[in-house]
Amino acid sequence: MAESYKHPDFKKFKFRELKVYASTEWLADNKKKYRQVFDRFETTYIYAELSFYNKMFDDEDWEINVELKCYSLKKGRKEVCSLHFENRKVSKYDSVVYIREGWGNKNEGQFWKKGTYYWEAWIEGEKVATKYFYVEDAGKHEESTGNPYLEVQSLRLYEGPYDDVSEDDRTYFRKFSSEESRYIYVEVILRNLHNSKSWQCELFTKFYNDARELKGQVVRLQRVEKRDEWIKITAGWGSNVKGSWRKDRYTAELVFMDRLLAVVPFEVGDEFEEGIAGVLLPDRHSPVVLHPDDDANQTFEEVMQKLDALIGLTEIKRKVRDHAKYIQFLQLRKEKGFEEKEEINVHSVFIGNPGTGKTTVAGMMGRLYKKMGLLSKGHVHEVDRVDLVGEYIGQTAPKVKEAIEKARGGVLFIDEAYALARSNDDSKDFGREVIEILVKEMSNGEGDMAVIVAGYPKEMKHFLDSNPGLKSRFKLYFEFSDYLPQELSQIANYACTEKNVELTADAQRRIDELITEAYRSRDRSFGNARFVYDVIEQGKINLGLRVMSDENPRALSREAISIVTLEDVEKIDIKPKRELPNIPVDHALLELALNELNQLIGMKKIKEQISEMVQLVRYYRDTGKDVLNSFFLHTVFVGNPGTGKTTVARILTKIYKALGILERGHMVETDRQGLVAGFVGQTAIKTAEKIDEAMGGVLFIDEAYALTQQSFGAHGDFGNEAVQTLLKRMEDHRGEFFVFVAGYPENMEHFLKANPGLNSRFDKILKFDDYSPQELKEIALFMFSEQEMELSPEADEYLANYLMFIYDYRDKYFGNARTVRNIVAEINKNHNLRLAGLSARERKKVKDTLITLDDFESLKMDQSSSVFNKKTIGFRKKASE
């Protein structure tokens, strides 16, 4: 057995997965029908499947202790069962070990009740995993009566990128292009038949090719709230790279609680064909077309007509219309004698970027509520943090109460409401007092007021979570998406009408180009309609300056002073170019950094490359040439572990700072975990925040290849989103920061080829070779000298031979300087143990800083016992060859 197996901390297993199932039917590849949602009256036993990798595979049999525990979360945490597997034999022939066991009763519906449960898995006293599952109860029913939970109402297919397509932008197809298709999505709308209770819906979407081979599977677990009429789910499969769908016939199949709901056949061929694909239902013999019913033909009164006249805001209009209809329904019930336990909730959360129409829609809703008899005035009183928060103790409450009274009878609209909850830990922030007063007013105040809070999505979530009672007071959520370029163009025309100016045809085209450019490069601070109004205002200002430069402006016609020309538009400065600072060369810092580089052991080629680069940059600066537009200076560091990549990156950052091409000269170190988030849209924000932190310096991404290594079949890997964000910021902020990426040679080659933009952005590659045996010895002696230790001649000779030995048998996992550090630490430990074994009198006779041959006792030149090498399959070439 290898020495590492004997280490007290060595684990003979590696956790793999914990899954849940109810059916004992065996499937291919030793699999089961894994699920998380079960029907009470169809369930006997619910099983847990624990799997782990056997690290002793092909070496020896061994024993393990496992415990599976099940808990119910109904009325607190309660243990359902605890299953022990003591001294369970693990065979050396099993690379993956499965332990399956369940709990329940052989009679359906007898044991498991509606509720939330979870399995816990323990191995050798250590909890390794938790897996939740849910038991739902829709009443006892016969299979012939159909599904008591839901009914398929609409099923359509569309194409898009990995982060999906908004409803308004979807184009539905019955046939897809092989060359142009990325992800193929299924949009399913289900009617909620079990609307008397909240429940968990688990929907499996499986994509098969014509040979019935599974191309991919997406599982959606979604909570369905009580009284929800519809359940909307989208699930897609494919790749962000076009061409992953081959020409063939496919089916998308929907499965719910092990029952087939619907099958959608579709074809991938040469070109797209718009339309809605026919759907095969279990009880139908021929395909049917399912699509949502259109209920938008009812006419509303003047307020609703004005709302419909607004540009864009399609989804917002729909939600407001539905909300109004529901209020009318509740009022109708009241007229018929029904009593509602809860008052009609009119408080809303508006989420979106600036200029997306939030204030305008708030005004519409105020008038709508007035017309329906819910508010007495219907006006809007708009406030923000400054209007509500006092500077001193005792000032906040009167300001808030004054704002409430001004809004009484209408809408209190709080813009950037998240500013009231700056920090959950800041007890001295008076914004918390505002929130407490608002919660009290919305709970049991005088009424006759609707509160609408608005802001960015992430910040608004923090705001709503800042007070336990706050979130429960808001039932209505409206998400305002950015306007599309064509909608912004319409807004520009409307703004011209309001400002009494006209655009020439050339000016109109240029305005549209500016809008498109701004839309493509937008971030969350993009001003939308405000941006467009500013553009038209600047055009009007340029018109005014041109007119007033005329010798006799008063003699000009009315038309001449109202038409904005292409000349006026060309002068609009959308985004002033940031001038980079002209920082002189810091010769002292440059000399210090170069000395630090030259003192490093080995790296002859690296030092030559950096020295040449320094000479070139100095020449460009001396001759007045533009350094930053001549070079990217983004650098790839390629090499095995422990070859000095991070150390050189830090020195190179100092060199760039000394040369005056970095404003701050700091280095921010990160990896995939620091850039990639787990949900759509969050990765771009997380990456942008890290880039902002590195502005004026260097962003160092270790193991950068992990951003483009997507596991097979992994839908929702957001590494590519991080790469796209990085590339855009590298281009938009050229010269304001540099990116260093590091990793293993083979992996970094795949990384640079994964995206065409990566290879072109990095114009410098530094290759770090493994240290030679002599260099490894120099590193070891340097480490010993730092600890004021010295080696005896015999020890020095043995060290050289041992380093030659591990160098000859190294593999791609060889740690170079890190391995040397481990060896030095091992020798020092042996040295200290040897001295500790001597008596005080004997210790005085020896030199305590001298490393002897005895201290190398645990470092044998025996390949089979080396902890620095991994076993491989095949034949190793001898060092002498």
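**Thr646**

I looked up Thr646 and found it in helix H15, residues 645–658. Helices here are DSSP runs of H or I with at least four residues, strands are runs of E with at least two, and both are numbered from the N terminus. The model is predicted: local features need pLDDT of at least 70, side-chain atom pairs count only at pLDDT 80 or more, and totals for chains, interfaces and linings use all residues. I number residues from 1 along each chain as its sequence is written, and side-chain values use heavy atoms, with hydrogens and water left out.

(Buried means under 20% relative accessible area, exposed over 50%, partly exposed in between, with a 1.4 Å probe and protein chains only.)

I then listed its contacts, meaning heavy atoms within 4.5 Å. Setting aside neighbours within four places in sequence, Thr646 touches Met667, Glu669 and Phe700. I also checked Val741: its C-alpha is 9.9 Å from that of Thr646, though 95 residues separate the two in sequence.

**H21 and H23**

Next I took helix H21 (residues 773–786) and helix H23 (residues 817–836). Their axes come within 10 Å and cross at roughly 45 degrees. That angle makes H21 oblique to H23. Axes are lines fitted to C-alpha atoms, for helices over the stretch in contact, and angles run from 0 to 180 degrees between N-to-C directions. Under 35 degrees is roughly parallel, over 145 roughly antiparallel, 65 to 115 roughly perpendicular, and the rest oblique.

Which residues of H21 meet H23? I noted Leu776, Ile779, Ala780, Met783 and Phe784 in H21, facing Ala817, Val820, Arg821, Val824, Ile827 and Asn828 in H23.

**Two positive phi values**

Most residues other than glycine have a negative phi. I found Glu124 with a positive phi near 50 degrees. Glu124 sits in the loop between strand E7 (115–123) and strand E8 (126–136). Its relative accessible area is 42%, so Glu124 is partly exposed.

Met257 also has a positive phi, about 50 degrees, and is not a glycine. I placed Met257 in the loop between strand E15 (248–256) and strand E16 (259–269). Met257 counts as buried because its relative accessibility is 5%.

**Whole chain**

I ended with the totals. The protein chain has 24 helices and 31 strands. Of its 881 residues, 45% count as buried. Among contacts between residues at least 6 apart in sequence, 72% join residues at least 24 apart.
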